[in-house]
Amino acid sequence: MRFEQFLDLVEHTPAIARRPNGEQQVCIRADPARPTMIVAGPGSGKTTVLVLRALRHMLVDGIPPERIVITTFTKKAAREIRSRLIEWGEALVDQAAAMPNLDAADQTLLRHLDVNRVVAGTLDSICQEALGSDRHADEPPLVTLEAFAANVLLQRRGRLGPVFNANQAALAGFLAPFTFDGTPPGTVGEASRALVPIVERFIQDRVDVAAFGAANQPHAHQLIAGIAADYRNYLRDNNLLDFSSLEEAMLSRLQARRVPTLLADTAVVLVDEYQDTNALQEAIYFELVLATGASFTVVGDDDQSLYRFRGATIELFRAFVARCQHRLGVAPQGPLYLVENYRSTPEIVDFFNSFVREDPNFGPARIQPPKPVIRANATASQMPVLAMFRPDAPTLANDLTGFLSDVFRGGGYRDPNGRYPDLLRRAADGGDLGDAVLLGFSVLEMQRPYFGNPPSPRFTHHLRNALMGRGMSMFNPRGRSLRDIEQVEQLLGLAILAIDPPSRQGGHLFETMTITNEAKFFMRRWVVAGRALLAAGPAAIYGRTLQQEVGEWNRFVLAGPNPNPKSSSRDWPFLDVLYGLVPWVPHFEEDPEGQVYLEAMSRAAGQAAGFSAYSGKIVRPVNPNVDDDHGKRSILAILRDVIAPIAENVIDVDEEIMPSVPRDRLNVMTIHQAKGLEYPLVIVDVGADFTMDAPKNRFRRFPDSPSATAQIEDALAPFTAELGPLRTARSGLDRSFEDLIRLFYVAFSRPQSVLMLVGCEKLRGWKSKVKHVATGWRQDQSWAWKDQTSYVGRRPPPIVSPPSIHFI
Amino acid sequence: MELPIKRPDRIVPDYSLTGDVLSFSRCQRSYRYYNGSALPPSRPVQMWYGEFIHGMMERTFRLWQDRGGLPFPLPYTPVTENDMPGEPPAGTDPLDLRAIGWPIEQALAHQGKFARSADARISAYERAEAAVNQLGPHLFPLIDVAERKVLGTRPLPASEEHLAERAARYVLQGIIDVLGHTQLDGQPSENAIKCAILEVNPHLSGEYEIIIDYKGSRRPRVDNDPRGDWKLGEWQVQTYAWLRSQQVDARPVAAGILIYVSELAPGSKEMTMLRTEMRNGWTDVVPATGTPEYYQVSGWTPGSQANLSLEFRLKRAIRVIPVSQATMTEATTAIDGVVRAIEDRVAHERQSMQIKQSWPADSNDDDTCVACDFRVSCEHYNNDVRGT
């Protein structure tokens, strides 16, 4: 099939029914013999181009789908690409098979073409499949550890505890810049949190660890290199891999030209979201292309790189042309640009175009020359960018709820000042709150608690209550830490009361343990919640009461009198305890959102079975009051390895297991989560909680020092010969500003029809000291919104009003 | 301005034959919890056993392949009640099944999967030993393609519930071993698997392939229940054959084989069930009347030692299922129906946001219910299973 025929086919296939635009055609047509770099602006049909380029390889170049590899950054994005590939590919094949003038060769090709056979996924998932299915007979099965288990093993097998306790001053001082708030870690748990990204980067950034930990380096370096070595040795001796070492194993295979069977015949490599690639992944792609001679296409957008904190290295994309030439010996085509936006109204496109060009210091951080401005494909909507700023978060929540109620529950919202003529209302045929999303840097509903002070509510918490007051609700699975969810508190409280009852001689075991105060604080709170539920005497379930269930576990762990059904077994998995209590907290069995939380808790318990003493089981005691009794020790292991980590907030929820998000709830998500998504109405929180210029929240709006991630990069730069100079070409502070600008650029480019900014009125004051990148502040402390505010007379107005925004 | 409706996500769902189709057929509610939400079972003993047996067969085959054969029977230092799971003693022959099995046990343990008890571990090793030493010499020389991932795309049948679809197609996948005609032709006629194939299909000739899959369980009761193990096993193999036929390098699939590993080393439970099924005419492979096997089975009392001949055990273990275009179509249509039902439940939950209402507890297997972590509040378990 010729390329023109392919384009005709695309246009005439009902499932697609459009011809790619000129710039898309250039990208799809680009010569496969040379590497290709595509820079795709938001809403410009990046997935369309990627999928059509893959289909072109199959239909025009005659490459079998199993020889095409497509990688992307998240599992969700991989699923979307694969789904689009199948839906479009199958439809194209059907359409082509019906073409009257198809030659015999094409007919044969089409008969055997199953686009589903493309190797598509995240790089990790492809490495896992390729290495897992391609072992030598003497190689044992590989087990890839989830992050939680890997981090626990780093602590234990890296001997972090004893090393930290013996060298606290040196280690804590070194790790201080990398902690959440820049203070030295005071506990092993806190040290571990700061250390994990460094140890991961040893591999991801391809750090010369021997040089980092050499005798002439600071003592902390040597300690950390030692911890990392012990951890890696343990993994190797036990045939375990974490995600970094999984990719490292793939690189070693490729470098040795032992390409795993799954990838051995690769003819095409298409990489999506290349701007979030790290150095190790870049090396894998180059080696794969060198080993197989595959055609190589990368797609990305430097302005949308969000994952520096996970090791993403935007600088690799920015320097792709030179790096490709150096490694592959071929100058790539490109950058080819996709800048026609099919998502948003011209008003929104103008807004985010201006935003990304506002700060002159951001210019050098972009691909040079920067990509042309994004052009809106749609006609003007007459709907300006809206903004709602109020004196405080409760007022803002209340007024925003009123707005949403007008749009989605009432007759529509009309600007009281009549500045735009039209009503803003939901779609008549089924529009609902699910057509809107609230995005923020953080969507946590409560601020972190300080000891002695209860956690204070944030804007999203007020919004939840305000919505509830108007008969609406929101879906915000990341809004509360697992440990703060009411039902989680009840269930874990009951679980503690069941296996660690206060009636034990000496009281609760957890009170005597050397775990963090933070863990104890939450465990105590859960016990109160569990006790309250127990005291309320919830209804019996098929004749069985909650008191019975908890009582039987108490008798088991304290070697109480029989008959006791729990005595039938010598040991019980802790999961049995958890699942056995779930019926009295029905949210977990009945509500899909409850399942998200139950999955996180049971995942913690299930993973503990792999590394914890007693394999995550509670054992029948002989003498429950003796310290070396296995029953007692098994409970201590559960408390330390399952319950304390949830209390310390190290277990993340995975809302992707939820098959669908309810249409009648307002979606609330972080900007990171919103990457790649689009919504008709997007509300961006640009500082609803910023009532003053508090230093502790500057990193979220206008950093005064490099972020923890930038500081890790700087600390490792001298030991990453290739990457270091590339990264440190811009200062740590510059990179921290860049990351914020990109974050809000992503947020502002999500909406289809309406963009609305919400924030605290303080951010708008003419003399405001609450600087925020998202409200137009430049790194040099000048303020675009102020510059754009015109006024008559000598006295400036009390608040700024840039003309590109309509404040309501 | 009227806001558009958010474009629904188009996701082509992925279904695995064993993980999804068989689990959903067993019980819709438990499928939702264990597969939909990926909740780990508190006691993944079935998973452990199935994956251990599979791992042993796979690893031994790889060794056989790498070394150009193995000295069957491989040695086996029996696991005893006092042996804790752990590395076999120093000096153990690397081909001893304990040495082959340990890395598999270790990998499973890292995933939180353990044998239920010392007895269960002993029994698993005994069955693996039987599978490797009694079946391996017949099976390994016939394998042409091992551990091949097969997948195919199928249109989703229209829903009778008229709920919004997330896609018009679905993906079906599995992992199979394939026996080749060249390998079969090269084997002597005493090869038990070749015999079983030729018995069902005496005129087999030309280029063809046979699909093979292992079940940790016993040979199920013969019936036509679409949710029963007999029928589901048949559909599974037929669907694997269809998936294989979609591959470029495939030759026509002549038959599928299921190996029921428990039959190679039957325990008390297997013998008791065989006696019942033989008496009632519920099973297709029974000893001929009057043979020692016949008396052993019909007079079986729990607690005695089974001593069935290898020939009879192999017959019970090997089930050959002829494959044709018509049988593949029948099976894939049945699988389409199961996937359709799952998709209807997904759509129902999307609308109702209620799990129990969307996914009925409808297990057809009391053993599944007894092992289910969600039985305490389950209406089916409490009303129909408990106390029966």
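Biologist: Among contacts in chain B between residues at least 6 apart in sequence, what percentage join residues at least 24 apart?

Modeller: Two residues are in contact if their C-beta atoms, placed from the backbone, lie within 7 Å. Counting pairs at least 6 apart in chain B, the share that joins residues at least 24 apart is 75%.

Biologist: Good start! What should I know about the model itself?

Modeller: It is predicted, so local features need pLDDT of at least 70 and side-chain atom pairs 80 or more, while totals for chains, interfaces and linings use all residues. Residues are numbered from 1 along each chain as its sequence is written, with chains lettered from A and ligands numbered from 1 in the order in which they are written.

Biologist: What is the radius of gyration of chain B?

Modeller: The radius is taken over C-alpha atoms, and the globule rule is 2.2 Å times the number of residues to the power 0.38. With 388 residues, a compact globule would come out near 21 Å, and chain B agrees with its 22 Å.

Biologist: Which helix gives the most to the side of chain A that touches chain B?

Modeller: Helices are DSSP runs of H or I with at least four residues, and strands are runs of E with at least two, numbered from the N terminus. In this interface, 64 residues of chain A meet 53 of chain B. Among the elements that each supply at least two residues on the chain A side are helix H4 (75–97) and strand S18 (751–760). The top contributor, with 10 residues, is H26(A).
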